[in-house]
Amino acid sequence: MIRPDFLPGTRIGVLTTQPLDRVLDYRAPESGCSVGDFVEVPLGPRKIIGVVWGDGEGTFDASKLRAAYRKLDVPPMRDEMRAFLERAAAYTLTPMEAMLRLATRVSGLGDPPGARKVYALAGGPPARLTDARARVLDAMDDFDGAAVGLSELANAAGVSHGVVKGLVQLGTLIEVEAPRDGPFPRLDPMLPGKELAADQAYAAKVLRHAAHDAKYGATLLKGVTGSGKTEVYLEAVAATLAKGRQALVLLPEIALTAEFLTRVEARFGARPAEWHSGVTQAERRRCWGQVAHGNAQLVVGARSALFLPFQDLGLIVVDEEHDSSYKQEDGAHYNARDMAVLRATLCSAQVVLASATPSLESWANAQSGKYARLDLTSRFGEAQMPSLAAIDMRTEDLVSGTWISPTLVGAVRQRIEKGEQSLLFLNRRGYAPLTLCRACGHQIECDECDARMVEHRFQKRLICHQCGASRSMPTECPNCHLEGKLAPVGPGVERLAEEVSHLFPEARTAILSSDLFGSARALKAQIQDIAGGGADIIIGTQIVAKGHNFPKLTLVGVIDADLGLHGSDLRASERTFQLMRQVAGRAGRVAEAKGEALLQSFQPEHPVLQAILTGEDEAFWEAEAAARQSAGMPPFGRLAGVVLTGPDQDVVMQIGQKLARNSGSIAQIGAQVFGPALAPIARIRGQFRVRLLVKAEKTAPLQVALARWVGQVKRPPNVRLTLDIDPQSFY
Ligand code: ADP
Ligand code: ZN
């Protein structure tokens, strides 16, 4: 038995998830404890969970210290993980308790293992299928065969426990004792992979070699869509597992996991552990525990999987590393891509950042030699890159209220005749982005936000895309009260679908838009159906841009290629470039049929569109990098956002002004403060938002100065201040 750091009764400092902004002092439990141990401690009348962080501050009167109840039976938090949380907190200026919350997002952490009751489908539906019962069956469907407990099932279905129990009595469901937290099946890294093309084989060899060294290293794996990046990084996974270390693959979207799991199973003979919001509580607990015991070899997950308690993490893959969903923008503001690199440096792991269209940050890091870089320049096998062309909308004949040009109509018609699929891309959910009264000019806006309500015709509602508020579609103008004067302005995917059904009444169409699917499972099913040829024309928002494989798809038509170019956002060009290339990359993924992408634009000569069309992406990144460098903007300079929110615009603005006036600590590091200014969407959910932006040189000690600065300005409790280091969005 190793002697614990702290003998029973001695003073310890415990980090908890309570928002207290400090480590709490206790006496060590009867068993004694060591740094990193998970303990259960009293806080007022409650029992909470924390991690032994060190000696304790010693300020609190020793005679009044309460003792920790017990040490939990889970592997202690490793030094490397504690260092990671501290460094990540310091970088993102997030309180430690919020970091610990990320690292312990699992219920029943301290509960003993053992059997528990789960529910499974047994017989057919009950004779009397009430609404509540139907919802339970739908929820079972959503869980997709995963073991689910009583509360979770009842919550998901929005019914009482009694309804679930009733279905057991009727024989529709059965209750089974399931062992809790069982191990995952072993993946076999020695199974042979696919035979690789020459450039794949070279990249795989380099990555395998790196994995073997068990040292930190970061590699940008840049390969055009369909070049076989996944097969390449699976080789890095194989080498990591063969060394007995753990691997983590981050994906930007849950809907992509299904295909990935299948590929892992084909490669390694079993499925990996999963960690994302679509996974049941029981499965999350199992995943967390098995990862902590070093038994889960490979985890595939969303950004928060980065905070799992790996014992020996040897590889982190960030797939589609440019994707903006890696940036978390509520609670702790962190970019999973950057935190992956940080974690890897602390645990001597390799990072692979994979993308066809890297972020400018990663591209620049590869240019400067900070990251290694591997390129896959052609599609795997016989498949060719799609050809790209613009449709000049200034010369196309369009009836008002329609958006598909005659040229694009002709191209779609050709595909239908050949039995191939077309994708029409428009990054706008709903029917129309604006509803206008033709009598008085009134535009319907959200009551709580400075944003227009968007008509969703399938749901017959107006929805605010900022706060989610909705109301039924009015028949009269809320301003002048005239009947029948409200008119949709501009297209959303639903309106585009209407146009498509007029143009191609015989064609089977499918709309892919995140709001049209009640569950991740429904979306997955739709995607599978489309991949199998279940639609002739797909109309989609940006969810179609992300990595899905539609073998029959040979034409991509972008309805409005100019849409992203007009923003004043720092990343407007970069984002448009990435999105257009990704969408175009959906076409012609198989050898038999070459793909084509047509971009409707009113300004096809725009440099960003030219870069997209010519495919000279290095030239694009060089130009973009030069522009950012001369402006001192990221990744060559640094930005931090300060967002103040509160119910009273004047009060919020005054605090912003006070901050601006007292920015000495910012000036000291040679940085500049811009603002305060009302945010572009000034009000969301009734809260006014005022922004300040700090711009500093790359090497300036930004965080320390920021913390000192915002700490000295008092604000009323109903005004919130949020710091966003390396902000991605400025709305
Ligand atoms: P990327 O991630 O670069 O877009 P993928 O890894 O998804 O590309 O590969 C594109 C397609 O080519 C997939 O269907 C994949 O199964 C196939 N593929 C890639 N590499 C190979 C290989 N070496 N042998 C057989 N098929 C491959
Ligand atoms: Zn709203």
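Are Cys446 and Cys464 buried or exposed?

1. Cys446 and Cys464 are both buried (under 20% relative accessible area, with exposed over 50% and partly exposed in between; 1.4 Å probe, protein chains only).

2. This is a predicted model, in which local features need pLDDT of at least 70 and side-chain atom pairs count only at pLDDT 80 or more, while totals for chains, interfaces and linings use all residues. Residues are numbered from 1 along each chain as its sequence is written, chains are lettered from A and ligands numbered from 1 in the order in which they are written, and side-chain values use heavy atoms, with hydrogens and water left out.

3. The SG atoms of Cys446, Cys449, Cys464 and Cys467 coordinate the zinc ion (ligand 2) at 2.3 to 2.4 Å. Donors are N, O and S atoms within 2.8 Å of the metal (3.2 Å for Na, K and Ca); water is not among the atoms, so sites may look incomplete. The site is tetrahedral, with angles of 104 to 113° among the four donor atoms (four donors, all angles between 85 and 135 degrees). Along the chain the donors follow the spacing C-x2-C-x14-C-x2-C. Cys446 lies in the loop between β19 (434-437) and β20 (453-456) and Cys464 in strand β21 (residues 461-464), so the pair ties together parts that are 18 residues apart in sequence. Strands are DSSP runs (E, at least two residues), numbered from the N terminus.

4. In strand β28 (residues 637-646), ten of ten residues are buried. Gly637, Leu639, Gly641, Val643 and Thr645 point one way, and Arg638, Ala640, Val642, Leu644 and Gly646 the other.

5. β28 pairs antiparallel with strand β30 (residues 687-697) over ten bridges (pairing needs at least two DSSP bridges), and Arg638 has Ala696 as its bridge partner. Six bridges join β28 to strand β31 (residues 720-725), also antiparallel, where Gly641 stands opposite Asp724.

Definitions and conventions. Tetrahedral: all angles 85-135°; square planar, octahedral: opposite > 155°, others 65-115°. Helix = DSSP H or I, 4+ residues; strand = E, 2+ residues; numbered from the N terminus.
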